[in-house]
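Me: I have a structure here that I'd like to talk through. Could we start with the aromatic rings and then turn to pockets?

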Amino acid sequence: MCGAEELTWLDDGHALLASTDNLAVAREQLAGFEDDLGDRYRALIDRHPDACLRTCRPGHLTGSALVVDHAGEDTLLLLHAKFGRWLQPGGHADGDANLASVALREATEETGIDGLLIWPQPLHLDIHEVDPPGEDPHLHYDVRFLVQAPIGAEPRGNHESKALRWVPLDGLAEFGCDPGLVRLAQLGAEALDKLPRY
């Protein structure tokens, strides 16, 4: 991606968000996670050249977004149609190893908000098992990014969600969100205190 001194909010179409099948890009995005969890992601990438494809087992890379309002106070949750739970936007890489690109694409598609900006350094990693209807249980190696909505953003869901709701960053537990998503919101709130505003 870019060096720490060059980090900035990126919009759709930015050169650093170009789709690629080069797994070195995904590996580079994980550089800030020098721990056991980061090692599990790197092992998946090193052992599975198809790590960005949904057919990869025992699991595959996904990208998701903590979408925050312009004020940085609320995050947008989606009541997922397939899983019946409140989740952040995100989804399969489908061959794209630029997981920031994946996260921004999924956030735009699932919220219907144009003009989203993404911070290109991931905030959080989360490995979780999914058991979707008609598929075998498998792991999602989710790489999670911070995405900011423009002023006055009006979300419009798509077929993947039954409802969308802005929720205070510290109020996710009340919606039955899993601990990983609650932690993501905490990290997002901390990051927003330090990041430049656009």
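This is a predicted model: local features need pLDDT of at least 70, side-chain atom pairs count only at pLDDT 80 or more; totals for chains, interfaces and linings use all residues.

Me: Why does Tyr141 count as buried?

Reply: Tyr141 has 7% relative accessibility, and therefore counts as buried, because the cut-off for buried is under 20%. Tyr41, at 0%, counts as buried as well.

Me: And what about Trp86 and Phe175, how are their rings placed?

Reply: Their ring centres lie 5.4 Å apart with the planes at 85°, so this pair is edge-to-face. The pair links distant parts of the chain, with Trp86 in strand E4 (residues 86-87) and Phe175 in the loop between strand E8 (161-168) and helix H4 (179-192), 89 residues apart. Trp86 counts as buried at 15% relative accessibility, whereas Phe175, at 22%, counts as partly exposed.

Me: Switching to pockets: how much space is in the largest pocket?

Reply: The largest pocket holds about 740 Å³ of space. It is lined by 31 residues, and those closest to its centre are His80, Phe83, Leu87, Gly90 and His140.

Me: Which classes of residue make up that lining?

Reply: The lining of the largest pocket comprises 13 charged, 11 polar and seven nonpolar residues. Among the elements that give two or more residues to this lining are helix H3 (99-111), strand E6 (117-130) and E7.

Conventions. Residues are numbered from 1 along each chain as its sequence is written. Side-chain values use heavy atoms; hydrogens and water are left out. Buried means under 20% relative accessible area, exposed over 50%, partly exposed in between (1.4 Å probe, protein chains only). Rings of Phe, Tyr and Trp (its six-membered ring) pair if their centres lie within 6.5 Å; planes under 30 degrees apart count as stacked, over 60 as edge-to-face and the rest as tilted. Helices (H or I, at least four residues) and strands (E, at least two) are DSSP runs, numbered from the N terminus. On a 1 Å grid over the protein atoms alone, a cavity is a set of points where a 1.4 Å probe fits but cannot get out, and a pocket is an open set with protein on both sides within 12 Å along at least five of seven lines; lining residues have an atom within 4 Å of a point. Grid points are joined across faces, edges and corners, and a volume is the space filled by probe spheres set on the points. Ala, Val, Leu, Ile, Met, Phe, Trp, Tyr, Cys and Pro count as nonpolar, Asp, Glu, Lys and Arg as charged, and the others, Gly among them, as polar.
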